[in-house]
Amino acid sequence: MDVVDYIGSRKKGEKVVIVVERNGEKHTFKIEPATIRIRPTLLNLQTQLFESKKVFLAVVVSDVRTTFDMKPEVYESWTQGVRNDLQSDMESFYLKTCGANKNFGIVDRSRTKAILEEFRLNQTGLVSDTMRVKIGEMTGATHLLDISFARFRTAAGYHDDVNVRLIDIGSGAVLAVDQMRFIRTRK
């Protein structure tokens, strides 16, 4: 039986005994497997890095929406806060997971922001082919991480939907998509 099949056949919470022989000595480990969800965007980037491809990532939050009623000045402040948080969180996540690879880098946020302001992307919520190519030309980015965020009111509170698309800047192909939902309940 293959190790993956063996571990996969165990029930939740069941410990697995693994014996590893190293330098003629047997080492026994008792572990409890855990299920983790791997982001398709991360898997795609790591595959490219494993193949020694260069990845220079531009992170863009192109759309932030809510179903909550807000005064225009509150809405503007809220959307800017969400944009900043999402961009920081995504940059940190990809730096932590891919940053040790010499073929990986992230475009400086201020360079990307200047381009977005020039094209008013923050207002339109669209990443057009022209915008994608311009980001690549002006920043040297090979890939674009395009993030959209929506907050919806529910009977129990609200939920946040975050959609992330990994786009190859040269071809415009969407390489991977992450869809995440965070449910918030009133206390």
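I take contact to mean heavy atoms within 4.5 Å. With that in hand, I looked up Leu145, leaving aside its neighbours within four places in sequence. Leu145 is in contact with Thr41, Leu57, Ala58, Val59, Val60, Met90, Tyr94, Val164, Arg165 and Leu166.

**Ground rules.** I am reading a predicted model, where local features need pLDDT of at least 70, side-chain atom pairs count only at pLDDT 80 or more, and totals for chains, interfaces and linings use all residues. Residues are numbered from 1 along each chain as its sequence is written, and side-chain values use heavy atoms, with hydrogens and water left out.

**Layout.** I found six helices and seven strands in the chain. Both are DSSP runs numbered from the N terminus: helices are H or I with at least four residues, strands are E with at least two. Along the sequence I read α-β-β-α-β-α-β-α-α-α-β-β-β.

**Helix α3.** How far apart are the end C-alpha atoms of α3? I got 38 Å for residues 72-98. The expected span is 1.5 Å times one less than the number of residues; for these 27 residues that should be 39 Å, which agrees. I also noted buried residues of α3, among them Trp78, Leu86, Met90 and Tyr94. Buried means under 20% relative accessible area, exposed over 50%, and partly exposed in between (1.4 Å probe, protein chains only).

**Cores.** A nonpolar core is a set of buried Ala, Val, Leu, Ile, Met, Phe, Trp, Tyr and Cys residues joined through side-chain atoms within 4.5 Å. The largest one has 24 residues, and I saw Leu145, Met90 and Tyr94 listed among those that touch the most other members. Helix α3 gives this core its largest share, six residues. I then met a second, separate core of nine residues, including Met131 and Ile169.

**Salt bridges.** I counted eight, each a side-chain nitrogen of Lys or Arg within 4 Å of a carboxyl oxygen of Asp or Glu. Which residue partners Asp160 at 3.6 Å, N to O? My note says Arg184. Asp160 lies in strand β6 and Arg184 in strand β7, so the pair ties together parts 24 residues apart in sequence. Asp160 is buried at 3% relative accessibility, while Arg184 is partly exposed at 36%. Arg151 joins Asp160 and Arg184 in a network of salt bridges.
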